[in-house]
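Please look through the sequence and the model shown below, and then read the report that follows.

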Amino acid sequence: MDEAIPVERQRSATGPIQRTVLHETIVNHLRDMIIEGDLAPGTRLHEGQLGEQLGVSRTPLREAIKYLASEGLVELVPSRGAVVKRFGAKEVQDMLTVLQAMEELAGRLACDVGSDAGIAAIRASHDEMIRCYEARDRMQYYKLNQQIHSMIVALSGNTTLIDIHGTLQTRLKRIRFVGHEGPENWAAAVAEHNEMIVALGLRDGDRLSEVLGRHLRKAWERVRPLL
């Protein structure tokens, strides 16, 4: 990751060329580095070194780090500065337990009130995720995997559930990513997602809730040895 972050440009509908927000580019890049383990838990984020590595100045980098701290991926520690958050086993288990309860509820609500278009969109994301799995594109697979969970929760129509779920899911990004390590774990996660799509397509809320709950319990079993 020695190359500077490219600042993309895009053309608006009215014609002028506008710069993509640098802040978002840096945040996404640092978040991916944390998820993939390039910035391991407990790592101190040296603004000078990171700025040189990414080819950006300290001001936007500092703002990006503060944003990641608001997401719970980074801690701002007195006398040490910014450090990649390290979650203990109890913290992870507690968060996954709450996430499980929320997704079980979301599954029932999504089947009851979700639109046909929303279900079709989730199926399309699932099909793309499977293509990434077959291509062994782990990072893109992971992002689509998490997107599908968020889409099911969004389909519930419950804004409180959506907001709280989003916060917890963000904090668990690295943990959920390592839960797919190893061919057996990855294949098991894919099989569970296949079950989710079948249940959602049938609008079988009890079945979808059960699969989602089992999926989150298995996620804890997969990550526990790594903590």
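Over the ring of which residue does the charged end of Arg-136 sit, 4.5 Å from its centre?

## Basis of the report

This is a predicted model, in which local features need pLDDT of at least 70 and side-chain atom pairs count only at pLDDT 80 or more, while totals for chains, interfaces and linings use all residues. Residues are numbered from 1 along each chain as its sequence is written, and side-chain values use heavy atoms, with hydrogens and water left out.

## A charge over two rings

The charged end of Arg-136 sits over the ring of Tyr-133, 4.5 Å from its centre, where sitting over a ring means that NZ of Lys or CZ of Arg is within 6 Å of the ring centre and within 35 degrees of the ring normal. The charged end of Arg-136 also sits over the ring of Trp-186, at 5.5 Å from the centre of that ring.

## Aromatic pairs

Rings of Phe, Tyr and Trp (for Trp, its six-membered ring) pair if their centres lie within 6.5 Å, and planes under 30 degrees apart count as stacked, over 60 as edge-to-face and the rest as tilted. By this rule there are 4 aromatic pairs. The ring centres of Tyr-133 and Tyr-141 are 6.3 Å apart and their planes are at 50 degrees, so this pair is tilted. Tyr-142 and Phe-177 form an edge-to-face pair, with 5.3 Å from centre to centre and 90 degrees between the planes. Because Tyr-142 lies in helix H6 and Phe-177 in helix H8, this pair ties together parts that are 35 residues apart in sequence; helices here are DSSP runs (H or I, at least four residues), numbered from the N terminus.

Tyr-133, Tyr-141 and Trp-186 form one aromatic cluster. Tyr-141 is buried, with a relative accessible area of 0%, and Tyr-133 is buried at 16%, where buried means under 20% relative accessible area, exposed over 50%, and partly exposed in between (1.4 Å probe, protein chains only).

## A buried histidine

His-180 is placed in the loop between helix H8 (173–178) and H9, and at 6% relative accessibility His-180 counts as buried. Leaving aside neighbours within four places in sequence, His-180 is in contact (heavy atoms within 4.5 Å) with residues including Tyr-141, Tyr-142 and Trp-186.

## The largest nonpolar core

A nonpolar core is a set of buried Ala, Val, Leu, Ile, Met, Phe, Trp, Tyr and Cys residues joined through side-chain atoms within 4.5 Å. The largest one has 23 residues, of which Ile-122, Tyr-141, Leu-200 and Leu-208 touch the most other members. Its largest share, 7 residues, comes from H9.

Methods. Helix = DSSP H or I, 4+ residues; strand = E, 2+ residues; numbered from the N terminus.
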